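Subject: Structure handover

Hi,

Here is the structure I promised to pass on. Please open it first, then read my notes below.

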Amino acid sequence: MPSTEADLVGRLRAAGCVFAEDEARLLTTAASGPADLDAMVARRVAGEPLEHVLGWAEFCGRRIAVDPGVFVPRRRTEFLVQYAASLVAPVQRDLVAVDLCCGSGALGVALAALLGRVALYAADVDPVAVRCARRNVAAVGGRVLQGDLDEPLPAALRGRVDILMANVPYVPSAAIALMPPEARVHEARVALDGGTDGLDILRRLSAAAPRWLAPGGHVLVETSGRQAPHAVRAMTGDGLDARVVTSDEWEATTVVGSRGDDAAVERTAPQVTGRAE
């Protein structure tokens, strides 16, 4: 085991950890003792994501539990959540929010923390992710369901969802092999693979969204810049008003689809650094 902080940083840096000093501090703080630290460092040096080693990821200022194998929420996706929050006007009832392909449940938990009165439903097809998400979503009083995309949602939610967020898998199948090992090896393929052009799940979501959204409701999906125009066409074809919003700060691209009656929502988002295209 590394006997000094310098040794620890050296091992991490030699393994390719760009932020070795920061990781060393996090691992040292998280470890219960020298033996535990040595085991955690060994896992990290072997290529396991730092978040899986620590057991949590920071997202929107919160610690989100992330179990081994579960998709690690990316910091760029904070833009989607903050933009979603900016769309919601004050209402005299609990908002209904849905987080599909939820993984750890990070998006729904962060949105509920930002907005307060939210009836949150989350769903994922992966049972490992569902178990993890239930631990996180319980903190905000939400429900996590297991099933394919929107299939497990209660029928009573049809036409009542104010915000539907989905960090759908959008990596083209052939590009999975080019991803960093941290993702390619340690995250479930079902959370990454979006089909031939990366848009298979997004198209299914686009087709499903209109039956769940309330008038004035929104669906938000993260994509790549290259995929965004195709995603807009899919949503427009499914009867939604669609647009692209981007953030240079987060290096993020989100496609937003809206159902009718925009009087119930706020278009401006002064607290979010982004632009509509």
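Which handedness does the crossing of α1 and α3 have? The crossing of α1 and α3 is right-handed. Keep in mind that this is a predicted model.

**Helices α1 and α3**

The axes of α1 and α3 are 9 Å apart, and the helices pack at an angle of about 20°. Angles under 35 degrees count as roughly parallel. The pair α1 and α3 is therefore roughly parallel. On the α1 side, the residues in contact are Leu8, Arg11 and Leu12. They meet Leu37, Asp38, Val41, Ala42, Arg44 and Val45 in α3.

**Helices α2 and α3**

Here the axes come within 9 Å and cross at roughly 140°. That makes α2 oblique to α3. The crossing of α2 and α3 is right-handed. From α2, Glu23, Leu27, Thr28 and Ala30 take part in the contact. Their partners in α3 are Asp36, Leu37, Met40, Val41 and Arg44.

**Inside α2**

Helix α2 covers residues 20-30. Its residues Ala20, Glu23, Ala24 and Leu27 are buried. Seen down the axis of α2, the buried residues fall within an arc of 105°, so they line one face of the helix. What covers the buried residues of α2? The cover includes α1 (5-14), α3 (34-45) and α4 (50-54).

Glu21 also lies in helix α2. Is Glu21 partly exposed or buried? Glu21 counts as partly exposed, because its relative accessibility is 33%. Leaving aside neighbours within four places in sequence, Glu21 is in contact with Val9 and Arg13. Tyr83 is 62 residues from Glu21 along the chain, and their C-alpha atoms are separated by 32 Å.

**The nonpolar cores**

The largest nonpolar core has 33 residues. Leu111, Ile163, Met165 and Leu220 have the most contacts inside it. Several elements each supply at least two residues of this core, among them α5 (78-86), β3 (95-100), α6 (106-115) and β6 (161-166).

Take Ile163 as an example. Not counting residues up to four places away in sequence, Ile163 touches Ala84, Val88, Val96, Ala97, Val98, Leu111, His218 and Leu220.

There is also a second, separate core of 30 residues. Val96, Ala123, Leu164 and Leu199 are included in that second core.

Best wishes

Note on methods. Residues numbered from 1 in each chain as written. Predicted model: local features only at pLDDT ≥ 70, side-chain atom pairs only at ≥ 80, totals over all residues. Heavy atoms only, no water. Buried < 20%, exposed > 50% of the residue type's maximum accessible area, 1.4 Å probe, protein only. Helix = DSSP H or I, 4+ residues; strand = E, 2+ residues; numbered from the N terminus. Arc of directions from axis to C-beta. Contact = heavy atoms within 4.5 Å. Core = buried A, V, L, I, M, F, W, Y, C linked by side-chain atoms within 4.5 Å. Axes fitted to C-alpha atoms, helices over the stretch in contact; angles between N-to-C directions. Parallel < 35°, antiparallel > 145°, perpendicular 65-115°, else oblique. Left-handed = near helix turned anticlockwise from the far one by under 90°.
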